[in-house]
Amino acid sequence: MGLGMPRVGLGAIALALTRQLAPLTARPCARLGLIAVPFLSLILTACSELGETARYRQDLAIHLSVSGAKMYGAYWCPHCATQKELFGAAAEQIPYVECDPAGENSQTALCQQKGIQAYPTWEINGEFRQGVHPLGKLADLTEFPPPPPGWFEQTNGGGSSPAAF
């Protein structure tokens, strides 16, 4: 090009624009739709959908907390980690109760009082449900709107780990 400017790929430009514009909206990347570059439409659509998925996960986590639901688990439990992964960044907002005495902010006495025998165990509307549950099922159990159309999530089959106090 002879103008003394470095060559920058369009992918790098799109990434830079995403990082610059995403903070301007509650839904990440939504404002990128204003960019008039036709072949970036796939990137923009995917970015918008990721924002909607993150928003749904966050809204469900808050709803679970407000509705009084609780997830009982242990810091070392692989199934608890899987359940939290389904919430993505919103995992910090789910109503989680640590049952292992060595865990941070442990509430072992409460877990024993509730009769928790496996992790994770969800307490929803006074009923206890063991194992990993898809977010759509947790939404249904708490009368929260279903996931967005085209939603897909994969779980490991609802496994649980034996409780150890």
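Buried here means under 20% relative accessible area, with exposed over 50% and partly exposed in between (1.4 Å probe, protein chains only). In a regular strand, side chains alternate between the two faces of the sheet.

A quick word on what's on your screen: this is a predicted model, where local features need pLDDT of at least 70, side-chain atom pairs count only at pLDDT 80 or more, and totals for chains, interfaces and linings use all residues. Residues are numbered from 1 along each chain as its sequence is written, and side-chain values use heavy atoms, leaving out hydrogens and water. Strands (E, at least two residues) and helices (H or I, at least four) are DSSP runs, numbered from the N terminus.

E1 runs antiparallel to E4 (residues 121–124), and 3 bridges join them; two strands pair if DSSP finds at least two bridges between them. Click on Tyr-72 and look across to Thr-121, its bridge partner in E4. Lys-70 likewise has Glu-123 as its bridge partner in E4.

Now go to E5, which is antiparallel to E4 and joined to it by 4 bridges. Thr-121 turns up again here, standing opposite Gln-130 in E5.

Time to zoom out. The open sheet has 4 strands in the order E2-E1-E4-E5, with mixed pairing. E2 (96–98) and E5 (127–130) stand at the edges with a single partner strand each, so one side of each has no neighbour in the sheet. From one strand to the next, the twist averages 25°. Select helix H3 (residues 78–87) too: H3 packs on the sheet, touching E1, E2 and E4, and its direction makes about 145° with that of E1. Such angles run from 0 to 180 degrees between N-to-C directions, with axes fitted to C-alpha atoms, for helices over the stretch in contact.

Last stop: Phe-144, in the loop between helix H5 (135–141) and strand E6 (161–162). Phe-144 is buried, at 17% relative accessible area. What does Phe-144 touch, not counting residues up to four places away in sequence? Show Tyr-56, Asp-59, Leu-60, His-63 and Ala-139; contact means heavy atoms within 4.5 Å. Phe-144 and Leu-60 are 84 residues apart along the chain, yet 7.3 Å separates their C-alpha atoms.
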